Amino acid sequence: MKEFFKVTDLKSVLEYSSAFPRVETEDIPLDESTGRILAASVDADVDLPDFRRSAMDGYAVRASATFGASEANPAYLTIKGDVPMGESPAFSIGSDEAARISTGGMLPEGADSVVMIEHTETIDPTSIEVYRSVAPGQHTLEKGEDISKGAVLVPKGKRLRSQETGLLAAFGTKTVPVYKKPLIGIISTGDEIVSLHETPAPGQIRDINMYTLTGLVRKAGAVPVSFGIVRDDFDDLFKTCTTALAQSDMLLISGGSSVGTLDFTIDVLSALPESDILVHGISISPGKPTILAKSRNLAIWGLPGQVTSTMVVFEIVVKPFIDHIGGLSLKNERNFKFSARLSRNIASAQGRTEFIRVRLNHKDGILWADPILGKSGLINTMVNADGLIEIGTHTEGLDKGVTVAVIPLW
């Protein structure tokens with residue numbers, strides 16, 4: 001019988017992420033960069049906008065010409081001309097003059113504000129009435145008001161959204177440096193595991209973990225690489241791990257992390273080149289018998305065989321490591337949680353961090369978290385879950401009605 005593992009607290013496990021290097025970088029076209037992580041900060045080389053422009057359809061004016069204007073006492077202005085879109089006006093605006101302008105048009109020299117078209121009335125082709133006064137700068141965007149020259153447009157380590165790619169497009173950025181998507185190898189182990197395409201015999205189960213982990217890896221912005229099912233054989237697992245490490249940036253092995261005579265994972269990991277077993281057991285539930293090893297600067301995870309435990313461990317522990325090697329800066333990532341009220345009392349044992357699956361529902365304008373109770377091996381408890389709530393190491397449980405932070409599972 002192998003010596004029982006000694007658990008490591010969750011905070012200490014997560015701190016190991018800094019021991020692993022980030023993946024390499026590449027330049028890709030801007031239109032392919034949404035969802036990728038920026039590998040170098042991009043600075044503004046000009047002001048945005050780089051000229052004073054209108055924020056409304058209406059008339060460019062000198063604000064002083066409209067002071068005191070009302071429906072009972074309108075200001076009368078002479079139309080000097082039209083501002084062509086995409087061009088610099090060839091005229092200036094004097095006192096008591098106006099120019100027709102569309103949203104985004106460049107203000108003529110002398111104009112400092114825009115009157116909305118709704119607040120005017122055309123008298124004839126050359127004059128208008130203005131029924132509401134405007135202040136200097138009203139309904140305009142000043143030069144550099146959006147982004148000033150030299151400002152950081154997008155910081156290194158930021159996951160690019162459509163907002164960021166739109167901003168970069170505004171500055172003419174054609175390609176961006178990003179971190180390559182990490183390649184995450186996945187191995188399923190166990191004599192009881194059979195392929196999706198096989199009918200399980202008594203005592204066997206289909207390989208669920210390969211598919212749940214594949215989906216979770218893709219969701220994390222990485223690329224899953226399957227290395228199939230490996231039986232409980234030291235030589236086979238060692239050979240497959242060696243092959244997988246040569247083709248991956250991180251390796252996930254499901255099954256074989258607990259104590260048992262047929263569990264070869266810990267022995268295989270110890271035998272890999274330049275290996276170090278960093279963690280064998282984490283003080284969390286579910287997922288206590290999790291292994292973290294290091295071989296030639298690559299992280300290797302020995303995950304529990306039970307699918308629910310594997311999925312929780314991935315969300316809470318493995319994903320932060322993928323984020324790190326993938327270049328994500330935590331200060332640039334918004335990991336939102338939902339606040340909800342707990343719908344019933346929950347007991348918990350001290351000395352471990354426990355993650356409870358919950359279903360969210362609205363009732364009388366309040367968001368409630370309903371704990372999903374069931375044995376840890378039941379995948380339907382994850383299928384029915386909208387999120388997880390955390391019960392801390394030194395907490396005996398949570399009372400009904402308390403506000404809890406829900407980690408979303410989507």
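I looked up Ile-379 and found it partly exposed, because its relative accessibility is 33% (buried is under 20% relative accessible area, exposed over 50%, partly exposed in between, with a 1.4 Å probe and protein chains only). I am reading a predicted model, where local features need pLDDT of at least 70, side-chain atom pairs count only at pLDDT 80 or more, and totals for chains, interfaces and linings use all residues. Residues are numbered from 1 along each chain as its sequence is written, and side-chain values use heavy atoms, with hydrogens and water left out.

I placed Ile-379 in the loop between β25 (366-371) and α7 (380-383); helices (H or I, at least four residues) and strands (E, at least two) are DSSP runs, numbered from the N terminus.

Next I traced an open sheet of six strands with mixed pairing, in the order β16-β13-β17-β21-β20-β18; two strands pair if DSSP finds at least two bridges between them. I noted β16 (223-230) and β18 (275-280) as the edge strands, each pairing on one side only. β18 and β20 (residues 291-295) run antiparallel and are joined by five bridges. Within this pair, Ile-277 has Ala-293 in β20 as its bridge partner.

I then turned to another open sheet, also of six strands and with mixed pairing: β7-β4-β6-β5-β9-β8. Its edge strands, each pairing on one side only, are β7 (113-116) and β8 (120-124). I found four bridges between the antiparallel strands β5 (residues 75-82) and β9 (residues 127-130). Ala-75 stands opposite Val-130 in β9.
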